[in-house]
Amino acid sequence: MTATVSITIDSPLGPRTTTVAYERKGSGEPLLLLHGIGHHLQAWHPVTDILAAEHDVIAVDLPGFGASEPLPKGVPYSLDTVAPALGALCTALGVERPHVAGNSLGGLLALEMGRSNLVRSVTALSPAGFWTEGEHRYAFAALLALRAGARTLPLPAVDRLSRSAAGRAALTGIIYARPSRRSPEAVVAETLALRHASGFDDTLAAGGSVRFAHDVPGLAVTIAWGTRDRLLLRRQGVRAKHTVPGARLVRLPGCGHVPMSDDPALVARVVLDTARRAAVPVG
């Protein structure tokens with residue numbers, strides 16, 4: 001069941017508060033799950049139960065997405081703001097340095113949290129921030145097209161499309177390699193999440209100049225990329241490995257940009273393996 005917590009954000013405008021929605025289940029070392037732009041915490045549902053068998057799993061709606069409030073007016077949707085805000089969320093929930101797994105924007109935030117020593121391990125699934133200028137323009141154009149479709153299609157049309165495999169592919173095929181595996185209800189819900197994402201435009205604008213160019217030393221880090229990622233092409237994983245040389249680079253065969261649905265068992269195994277590696281000193 002989704003709950004909410006109020007957090008205080010240190011921003012250029014001074015301390016501000018917002019409310020973040022999250023789901024929590026399981027027991028063990030804490031594990032924070034972060035979704036991508038325009039998505040919501042339900043993106044992690046295919047793997048949550050597997051992860052919760054070993055961890056205290058906290059799946060979060062990022063500020064301005066899902067059921068979370070947007071950032072206060074004037075507070076930027078930048079790495080410098082959102083990553084510390086997630087650290088404040090962990091403090092509010094009584095969690096100290098969780099493991100973190102993130103997808104796309106969430107993967108970029110996970111790496112930034114690792115760089116800031118806010119977490120004990122990082123699993124980044126197709127993280128943003130390792131693109132060339134051309135790849136960046138392509139990805140943003142695709143995201144804007146998805147957003148436009150989500151905002152203009154009437155709800156009855158979305159519902160009708162979700163009832164067929166071809167319709168689910170039309171709505172979500174750019175982010176899933178196997179969109180037919182998504183239930184009609186999940187496709188409708190994520191289309192509406194994209195439609196109503198109040199933080200989408202500001203996040204996209206803030207991401208235009210983002211390039212992750214830092215090492216994340218001293219942590220267990222895995223960067224994983226779907227071989228059928230059509231949004232952030234898998235060659236970006238090689239650049240990520242060069243940027244974070246101590247990271248383990250993993251291929252996710254047959255997976256798209258949001259791999260949790262395409263192969264839940266594989267994604268869960270990658271996340272769990274990374275958390276286990278955190279117990280071993282990283283040189």
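Predicted model: local features only at pLDDT ≥ 70, side-chain atom pairs only at ≥ 80, totals over all residues.
Residues are numbered from 1 along each chain as its sequence is written, and side-chain values use heavy atoms, with hydrogens and water left out.

**Nonpolar cores**

A nonpolar core is a set of buried Ala, Val, Leu, Ile, Met, Phe, Trp, Tyr and Cys residues joined through side-chain atoms within 4.5 Å. Buried means under 20% relative accessible area, exposed means over 50%, and partly exposed lies in between (1.4 Å probe, protein chains only). The largest nonpolar core holds 58 residues, and those with the most contacts inside it are Leu32, Leu34, Val60, Leu86, Leu89, Val122 and Val221. Helix α2 (residues 79–92) gives the most to this core, with seven residues. Helices (H or I, at least four residues) and strands (E, at least two) are DSSP runs, numbered from the N terminus.

Contact, here and below, means heavy atoms within 4.5 Å. With neighbours within four places in sequence left aside, Val221 is in contact with Leu111, Val122, Val216, Val244, Ala247, Arg248 and Arg277.

Helix α3 (residues 105–115) is mostly covered, since ten of its eleven residues are buried. The buried residues are Leu105, Gly106, Gly107, Leu108, Leu109, Ala110, Leu111, Glu112, Met113 and Gly114. Their cover includes the strands β3 (29–34), β5 (99–103), β6 (121–125) and β7 (220–226), together with the helices α2 and α8 (200–207).

Ser104 lies in the loop between β5 and α3, and its phi is near 60 degrees, a positive value in a residue other than glycine. After α3 comes Asn117, whose phi is also positive, near 60 degrees. In the loop between β6 and α4 is Ser126, with a positive phi near 45 degrees.

**Accessibility of selected residues**

| Residue | Relative accessibility | Class |
|---|---|---|
| Ile7 | 3% | buried |
| Cys90 | 5% | buried |
| Ser104 | 9% | buried |
| Ser126 | 1% | buried |
| Gly208 | 25% | partly exposed |
| Cys255 | 0% | buried |

A disulfide is counted where a pair of cysteine sulfur atoms lies within 2.5 Å; by this rule the count comes to zero disulfides.

Ile7 belongs to strand β1 (residues 3–11). Beyond neighbours within four places in sequence, Ile7 is in contact with Arg16, Thr17, Thr18, Val20, Ala85, Ala88, Leu89 and Ala92.

Gly208 is placed in the loop between α8 and β7. Not counting residues up to four places away in sequence, Gly208 touches His136 and Phe140. The C-alpha atoms of Gly208 and Gly149, which are 59 residues apart along the chain, are separated by 21 Å.

**Two helix pairs**

Axes are lines fitted to C-alpha atoms, for helices over the stretch in contact, and angles run from 0 to 180 degrees between N-to-C directions. Angles under 35 degrees count as roughly parallel, over 145 as roughly antiparallel, 65 to 115 as roughly perpendicular and the rest as oblique.

Helix α4 (residues 133–152) packs against helix α7 (residues 184–195) at an angle of about 105 degrees, with the axes 8 Å apart. The pair is therefore roughly perpendicular. Leu146, Arg147, Ala150 and Arg151 in α4 meet Thr191, Leu194 and Arg195 in α7. By class, this contact has three nonpolar, one polar and three charged residues. In this classification, Ala, Val, Leu, Ile, Met, Phe, Trp, Tyr, Cys and Pro count as nonpolar, Asp, Glu, Lys and Arg as charged, and the others, Gly among them, as polar.

The axes of helix α5 (residues 155–162) and helix α6 (residues 165–172) come within 6 Å and cross at roughly 120 degrees. These helices are therefore oblique to each other. On the α5 side, Val158, Leu161 and Ser162 meet Gly167, Arg168 and Leu171 of α6. The residues of this contact divide into three nonpolar, two polar and one charged.
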